[in-house]
Amino acid sequence: MCTNGINTGQFEMMIEQIDDHLKLERRWAHALGHKAGDAGYENVSKKLHEAQALIDDVRALLDEAKDALEDDAEAAGGVTVELV
């Protein structure tokens, strides 16, 4: 569906692509956090787990953005085209 010049389906897919990238980065932060902890690098482990938690927050915001996209598309008026 296209609303006010935005293909909302494609826009939602792009948000999902960002989420897919972050999902991978979260797994890396998690795995490296455990490796650092196992090696005795407690400060590094702590920071990587904090980064993992922040990535979780970003992913939650992306979910909210997808919901907001649907709400905004429904509330938007039709597209106005003017010939010049």
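## Surface and basis of the model

The protein chain has an accessible surface of about 6400 Å², of which 57% belongs to carbon and sulfur atoms; accessible areas come from the Shrake-Rupley method with a 1.4 Å probe, and for residues only the protein chains shown count as cover. Of its 84 residues, 19% count as buried, where buried means under 20% relative accessible area, exposed over 50%, and partly exposed in between (1.4 Å probe, protein chains only).

This is a predicted model, in which local features need pLDDT of at least 70 and side-chain atom pairs count only at pLDDT 80 or more, while totals for chains, interfaces and linings use all residues. Residues are numbered from 1 along each chain as its sequence is written, and side-chain values use heavy atoms, with hydrogens and water left out.

## Secondary structure and contacts

Two strands and two helices make up the elements of the protein chain, in the order β-β-α-α from the N terminus on; helices (H or I, at least four residues) and strands (E, at least two) are DSSP runs, numbered from the N terminus. Among contacts (heavy atoms within 4.5 Å) between residues at least 6 apart in sequence, 69% join residues at least 24 apart.

## Salt bridges

With a salt bridge taken as a side-chain nitrogen of Lys or Arg within 4 Å of a carboxyl oxygen of Asp or Glu, the count comes to six. One of them joins Asp19 to Arg59, with the closest N and O atoms 2.6 Å apart; this pair links distant parts of the chain, Asp19 being in helix H1 and Arg59 in helix H2, 40 residues apart. Asp19 counts as buried at 14% relative accessibility, whereas Arg59 is partly exposed at 22%.

Asp56 and Arg26 form another salt bridge, their closest N and O atoms being 2.4 Å apart. Because Asp56 lies in helix H2 and Arg26 in helix H1, the pair ties together parts that are 30 residues apart in sequence. Within helix H2, Lys46 and Glu50 lie four residues apart, about one turn of the helix, and their side chains meet in a salt bridge (4.0 Å, N to O); Lys46, Lys47 and Glu50 are linked in a network of salt bridges.

## Nonpolar surface patch

Patches are made of residues with over 30% relative accessible area and no salt bridge, like charges being joined within 9 Å and nonpolar side chains (Val, Leu, Ile, Met, Phe, Trp, Tyr) within 5 Å. Ile6, Phe11 and Met14 make a nonpolar surface patch of about 240 Å². Met14 has its place in helix H1 (residues 8–38) and counts as partly exposed at 41% relative accessibility.
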